[in-house]
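Hi,

Here's the structure I promised to pass on.

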Amino acid sequence: GATGRRSDVNVSGSNARRVFTIDHPGAVISSLTVKNGVAGTVAGGVCLEVGGTLTNVCITSCKGTAWACNYEGNDWYFTGGGAVGNYNGKVLDCDIVANTRTIYYNGIIAYGQHGALALADRIFVTNNVSTSASANANYRSAPVAITGGGTIRNAFVAYNDINQPGGGTKYQDASGVYVYDGLIENSTIFRNRVHANYLAYGSGVYLAAKGSAVNCLVTENGDATGNLNNYYLVSGATFDHCATVPVPAEGTECVDYSADPMTIYDIDAVGYPVPKPETPTVDAGADLDWTVEPTAVDLFGNLRKQGELTDIGAYEKKPSTDALLCELTVVCDAVAAAPYDVTLGAIVSGSRKTGLSYTWSAIRTYLGVVTTNTVVTADPAYVFTDLEKGDWAFALTVTNDHEPPDVSSDETDGNVIHLSPAICYVSPTGSHVWPYDTPATASTNFID
C-alpha cells in the first residue's frame, strides 16, 4: 500500500484460495491487509516459498485446511500455518490475528517458519483458534512453529486457543510456541490456552532438543480449567534468561515470575503485559549481538537495552526519568530542651534502588556558628541522639550502586527545631544573650 496504512488496501482470497505466494527472494509485500485466504496445503494467507519479505501486513481470517499442512520438498512438516508460511524469508512488523485451523487432526499453526535464514521480527500472533480437532489429534499443534532453523524475536504470542471439543489432543505440544529446531528471542508468550490436555503438554513454549529460547517471558499459559503449564523442555533444549513460573532446573539464569500480576505489569490497549518499574524482567536478560546495536528496537519500536542489560520479553522498559528519588522525614517537636533525640527517615523511589547508601546530616546553628554532624548508614532510618542547644536543620543524600551512582538529596526547609538549655537565667542585669544559659547572659524578661 502506497499510504503505509494497512487498512487502505485489502486483498481477499474470497475463502477459496491462498492470497499471496512469494516465489522470488527479492519480492516484497508491504502495507496492506490479507484476509479470507484458504489453503489445503500450506498458508492460506501468504507463503514465502524461497525467501522474500513480508512487512507491515495484517493477516487475518485465513484458514489452513490440510490435515498436516506440510510443504512437500522443503520438509516443513507441521509448519505450514493457516496464515503464514515462511521459508527463509523475513516477516517484519506484521499482525497475524484471528486465523483458524479447520481440520480434523490438528490444532492451529498460524505462523510456521523453516530454514536457517528465516526471520520474524516484531510480530503479533494473537487470537488464533482451532475450530475442530479429534481426540486423536497427534500432530504438532501450536500457534507458532519453528521446525528447521531461523529466528523469531520481539514476538507477542498471546490469547491463542486450541479448542479440542472431541476429548483432547493425544500429543499436544504447545498452546504458544513449538520450536523443533531454531531460536526464539525476546518474545512474550502469554495467556495461550488449550481446552484439553491429554499428556500435559499444553505449554506456553515447547522446546525440542535443538530448540532455544532466550530472554523470553512465558507466563499464564495453560488449559481451560486454570492449570498452568508454561513450558516443556526436552533434554538438550536451551532456556536462557527467561522469566516464567516455576523456574526450571534446566534453565540458565532464569527469573521467577510468580509475584502477584497486579504488582508486576499493567495490561495495555493491545493486551500486552507492560512491565512496571519493579518488574523482575527489567534489566534481567542477556545482551545479544542484535540487542546492543544502537538501532535495535523492541516490539513497540522502543530502543533496546535502555538500562544496564537487555530486558526480558518483547518490551523494553524505558528507564524512569527519576532513576532515584528520596524524601526526608523528620520526627521531632518544634521546641524542646536539650539534650534531645531526633529521628530521621528516608522514603526512596525510582527505577534503580539497589545498593543504597544513606548520608544523614544534622546542621546546628548556635550563636552565629554553623556546624554539621554527618553519618553514613545502609539503613533507611537514623536517630541523632543528645542534640545540643541551638537551632537544627537536617539533610539526606541517597546514592545507589549504579555506575556511575545516581544521587538524590532532600533537606528540611530551614531550621525545624529550637533546642533550649535545660536551665535558663533571667536577671535585670543580664546581657540578654540567647540561650540565656549563664548568669552573665541572662534574659532581662520572661517572654523570650
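Below is what turned up in it.

It's a predicted model, so local features need pLDDT of at least 70 and side-chain atom pairs count only at pLDDT 80 or more, while totals for chains, interfaces and linings use all residues. Residues are numbered from 1 along each chain as its sequence is written, and side-chain values use heavy atoms, with hydrogens and water left out.

Cores to begin with (sets of buried Ala, Val, Leu, Ile, Met, Phe, Trp, Tyr and Cys residues joined through side-chain atoms within 4.5 Å; buried is under 20% relative accessible area with a 1.4 Å probe, protein chains only). The largest nonpolar core has 41 residues, and Phe239 is among those with the most contacts inside it, as are Leu54 and Ile152. Beyond four places in sequence, Phe239 touches residues including Val205, Leu233, Pro248 and Cys254 (contact is heavy atoms within 4.5 Å). A separate core of 22 residues includes Tyr358 and Trp360.

Next, Thr281: it sits in the loop between strands E28 (273–275) and E29 (325–331), strands being DSSP runs of at least two E residues, numbered from the N terminus. Thr281 counts as buried because its relative accessibility is 4%. Among its contacts beyond four places in sequence are Tyr257, Asp311 and Ile312.

E29 also belongs to an open, antiparallel three-strand sheet, ordered E29-E31-E34 (a pair needs at least two DSSP bridges). E29 and E34 (381–387) each have a single partner strand, so one side of each has no neighbour in the sheet. Seven bridges join E29 to E31 (340–349), and Leu325 stands opposite Ser349 of E31.

Cheers

Notes:
Buried < 20%, exposed > 50% of the residue type's maximum accessible area, 1.4 Å probe, protein only. Helix = DSSP H or I, 4+ residues; strand = E, 2+ residues; numbered from the N terminus.
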